[in-house]
Amino acid sequence: MTHRAANLELVRGARPGPHWRRLHARCGGGFAGADVWTATLCANLPRRSGAWATATSAGETVGGLAWLETVRGPFRTLEAHHAGLPCDLLLDPALEPAHRRAAAAALLGAWTAAARSPLTLVATLHAEGPTDDEVAAPLSASGFRRTAVPVAYFPLAQGLDHVEAHLLKKNRRNERNRSLRRGCTTQVTSDPAVIDEFLPIYAAAIRRWGSPPIPSGLLRGLLADGDGGAYCTTVRRDGALLGAHLCLQAGGTVTAWVGATVDSTRDGTDDVFPATMLVWADLVEACRRGASRLDLGGHGGQRGVAQFKELLGALTLERAMWRRTSRLGAAALAARRGGGR
């Protein structure tokens, strides 16, 4: 079956219509393309609204692109991603190549038109793989600049035994085994109550990293409303929580999105390896769910985080961050940096 993409519609609000879910399912979209993602962000982040661009043909939705708009006074910023999770350019697999290009061009046209508005200060979009090729020309032509973002991942198509034997480094397997012998256990839960236990560990970690926190209400909301696609892996010893990862699953990919472990030098846990245990729990659960990839994300400028992922045996792919900053936006950013001195 083929379609000819014809009409473009742009609506704003926390959720799109039911057609979006059908499109997302047909495309095998990632979690950032799921309506629950944008709806939960809008419910828990101030001044956010969703924008939903859809391409339709013969009454059927054949393409979609969602982003967040943050409004401050007359101005706005646009994010076709959030906190490291890339955007999802949804294109019906039944589209012929020429019609696929036309649908992508229409969706990106809506995005770039919003970005070029005199009231838009900054617009950013994250993309990867074939999608990056499709977005490069229209974004470059609209004044966007590309920055490479390395992302760590484990391919899972060959199963957990293959990952353990051929990808996970021997030292990490030894750390897992020692942690298990010394009483560490792992668990998977979608109970939002786990966030209350996790918050002190997370707060201490982000102070060390110097990065802004993800609001606790957003983490709870994803677990409560994620339709089984959001869950936490945890590691404990003697009942005490040593760390957790909030994982998001869709389209064959599990993303370990937000995570932290106790500071072992301060908490007396330097005889076990909770970070390694968490990634092992991520791998086990992702394989149990039939995922083809565990996405460990970028490193956010934290060299220690990047090195940890490298030493696990994770592979690396490259995402692209595309950003367009208006002259007024650049002036505002410069003034903010100057005020922070």
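This is a predicted model: local features need pLDDT of at least 70, side-chain atom pairs count only at pLDDT 80 or more; totals for chains, interfaces and linings use all residues.
Residues are numbered from 1 along each chain as its sequence is written, and side-chain values use heavy atoms, with hydrogens and water left out. Local features need pLDDT of at least 70 and side-chain atom pairs count only at pLDDT 80 or more, while totals for chains, interfaces and linings use all residues.

Me: How many of the 13 residues of strand 3 are buried?
Reply: Strands here are DSSP runs of E with at least two residues, and helices are runs of H or I with at least four, both numbered from the N terminus. A residue is buried under 20% relative accessible area, exposed over 50% and partly exposed in between, with a 1.4 Å probe and protein chains only. Strand 3, residues 60-72, is mostly covered, and its buried residues number 10.

Me: Which residue of strand 3 is the bridge partner of Ala 53?
Reply: Two strands pair if DSSP finds at least two bridges between them. Within strand 3, the partner of Ala 53 is Leu 65.

Me: Which residue in the turn between strand 3 and strand 4 has a positive phi?
Reply: Strand 4 covers residues 75-80 and pairs with strand 3 in the antiparallel sense over 5 bridges. These two strands form a hairpin with 2 residues between them, and the turn residue with a positive phi of about 65° is Gly 73.

Me: Which residue in strand 5 stands opposite Gly 63?
Reply: Strand 5, residues 90-91, runs antiparallel to strand 3 and is joined to it by 2 bridges. Opposite Gly 63 stands Leu 91.
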